[in-house]
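Dear colleague,

I am handing over the structure below, and after it I describe what turned up when its side-chain contacts were examined.

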Amino acid sequence: MSVLKRLATMPAGRRTKWVLLVVWIAIAVVAGPLAAKLNGIEKNDAAAYLPSSAQSTRALDLQKKFQAEDTLLAIVIYQRSDGVTPADVARAKANLATILQQGYIDRSAAAAPGGNRAFYGPIPSRDHKALELIVPVKAANGLPLDKYVDKLRSITRGSGGLQVHVAGPAGSQADSLKAFLGIDTTLLLFAGIVVIVILLIVYRSPVLWLVPVISAALSVVLAQAVNYLLAKNAGLTVNGQSAGILSVLVFGAGTDYALLVVSRYREELHNHEDKHEAMAFALRRTSPAVVASAGTVIISLLCLLVSELNSNRGLGVVCAVGIACAFLAMSTFLPALLVIGGRRIFWPLVPRYGVPSHQDTGVWSRVGRTVGSRPRVIWVGTALALGVLCIGLASLDTGGLSNAGQFRSTPDSVAGARVIDAHYPAGGGNPIVVIGRTAGAAGLPAAIRSTDGVAAVSPSRQVRGYTEIQATLSGAPDSQSAFDTIRRLRAAVGKVPGADAVVGGTTAINLDVEDSARHDRDLVIPIVLGVVFVVLCLLLRAVVAPLLLMATVVLSFASALGIAGFFFAHVFHFDGADAGFPLFVFIFLVALGIDYNIFLMTRVREETLTRGTRRGTIRGLTVTGGVITSAGVVLAATFSVLAVLPLVQLIEVGFAVAVGVLLDTFVVRSVLVPALAIDIGRLIWWPSHLSRADVDAKAERATDVEAAPVR
């Protein structure tokens, strides 16, 4: 037996199963406290997302010369529908005095040339129905930005018909931080409940479901602990998005691996009297598929390291670590628990030695025979149906979400932004920042004013050889017209000699994020396709089968996007989708969907060796259909729990991945791929020896001899 096979069967050992149990208990004790610290090191600010080469990133770095690093502009907006009163103005002034007195303003940002201040107010609107305070807020002394904004909201709370909101970049970021707060715990809780319900239905056992759930939960804890250590000591970027997806991904993928191992173990308990032998055989048969599956997902996720966006690179590493931890737990801890529990763990449906498993008479046996009866008609019809679903791509808008469209509800910052837009210039709540070298900055104000789409320009200020100028856009800061203005403005200030100017601010940040997301999509998707194709070629020792599988993956992905596009536009009425949405969906659908290809085709290849291609395909579908569909339902259900979050971006990803996984599981893997394999026949294994006519015929004759009645 090879070293790898001996390692794979360690959990089946009479002594090693207990050793592994003790080791994992020790891991849980050590990893638990570390996992709890992951939330504390999340980075959800703009700099954590942006590439270092982006103009807005350089602007953020230069802004540190003018203000503290953690300073953001908050806008306190007061509104009275029948017009503000002198008492309202006095109240706004009193609020500002309290804010100054209690130290909620960054005075380094407030200081301006000539003794002026960067914050000012109250500023009345032209229709005299609103007042505005501009407040540079600094998160300091261990108090995060969202807590500071909460204090501002507490100080300025409205009453007596006066509405008050805290908006601007600080208000928006604070509301985003709250939306991400604790989402990993929330998602893990909901994912756990969903998986438990599904496993109870699948296994019909009051005990067996505990083994995959405990193993998956342990995987999540270990993944969170390792990612915490990497973030603390190796500079890994972890944000609320990646931390939340980590919990869902590890729980879903880990349970999938568990379903495969449990299914094969149950099957082998019918063929082996000794439970240790049954598990050893099950692990030898499933390990190649699980290793290939986990390896493919990990490599695909690590392809995100070539991304421009820091958030994408961080997501790739965070989730790759999660899959590695899930694989480790499901390859060691889960089998050890199953062997320790023995046959009793399957009660009341205990698999008996020598008793048929009834796989050949179940629903998947009938599906296999149906697919085998008319394969060409079935695969052509299925492919056409999936093609029709792709029509929905015409409705998919990946131009980005507006600030209001990012949230499922209406947080205070969004309500405030609407008031600002109604009574002040549209871009007043999110000023544009232009920073250049003072030696060449004389021409910057004129260049800014001459740019179409700029409504107003504030006085400049100079610090340590640099000049900062703030400008107000005439259009909404999250609109396409605002993005176009940023491009024009960058071109204009870039022509000012000696200024070396950069353009930043919230609108510029959003533009750079969208541009980088499109770059990452166009770069990463082809790389992942190439990686997956190579892995499939090595695993199946063929070229034709991987090519066909890749074609079905792309078709399935396009169909899922088509369904998502239709629902987003015509059912959910979302503003659109984030520019990074297609990449996220592709990574999770292809990387995880390839699992089912691997689970199916490795078993088909195993059966083809002794039965021939046609019968091997039907047999492979028969014995894996149940576990693959169960795994697909589990994974789709875990991703669907993203719908409980208040963030539209994650809701969209969860919906598309859940729909895509179900489509892939019930249609592509269960119908399209088997029908293609049967119709093409032995040539699907080209150029391996299985594609030779004599090998295939010999295997089929051997099956006929086994099935022939004894006379």
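**Side-chain contacts**

At a relative accessibility of 9%, Glu514 counts as buried, a word used here for under 20% relative accessible area, with exposed meaning over 50% and partly exposed in between (1.4 Å probe, protein chains only). Please note that this is a predicted model, in which local features need pLDDT of at least 70 and side-chain atom pairs count only at pLDDT 80 or more, while totals for chains, interfaces and linings use all residues. Residues are numbered from 1 along each chain as its sequence is written, and side-chain values use heavy atoms, with hydrogens and water left out.

Glu514 meets Arg518 in a salt bridge (3.4 Å, N to O), that is, a side-chain nitrogen of Lys or Arg within 4 Å of a carboxyl oxygen of Asp or Glu. Arg518, with a relative accessible area of 28%, is partly exposed. Both residues lie in helix H18 (residues 506-540), 4 residues apart, about one turn of the helix; helices here are DSSP runs (H or I, at least four residues), numbered from the N terminus.

The count of salt bridges comes to 21. In one of them, the side chains of Glu267 and Arg603 meet at 2.9 Å, N to O. This pair links distant parts of the chain, since Glu267 is in helix H10 (residues 240-269) and Arg603 in helix H20 (residues 581-611), 336 residues apart. Both Glu267 and Arg603 are buried, and they belong to a network of salt bridges whose members include Arg264, Glu268 and Arg285.

Conventions. Helix = DSSP H or I, 4+ residues; strand = E, 2+ residues; numbered from the N terminus.
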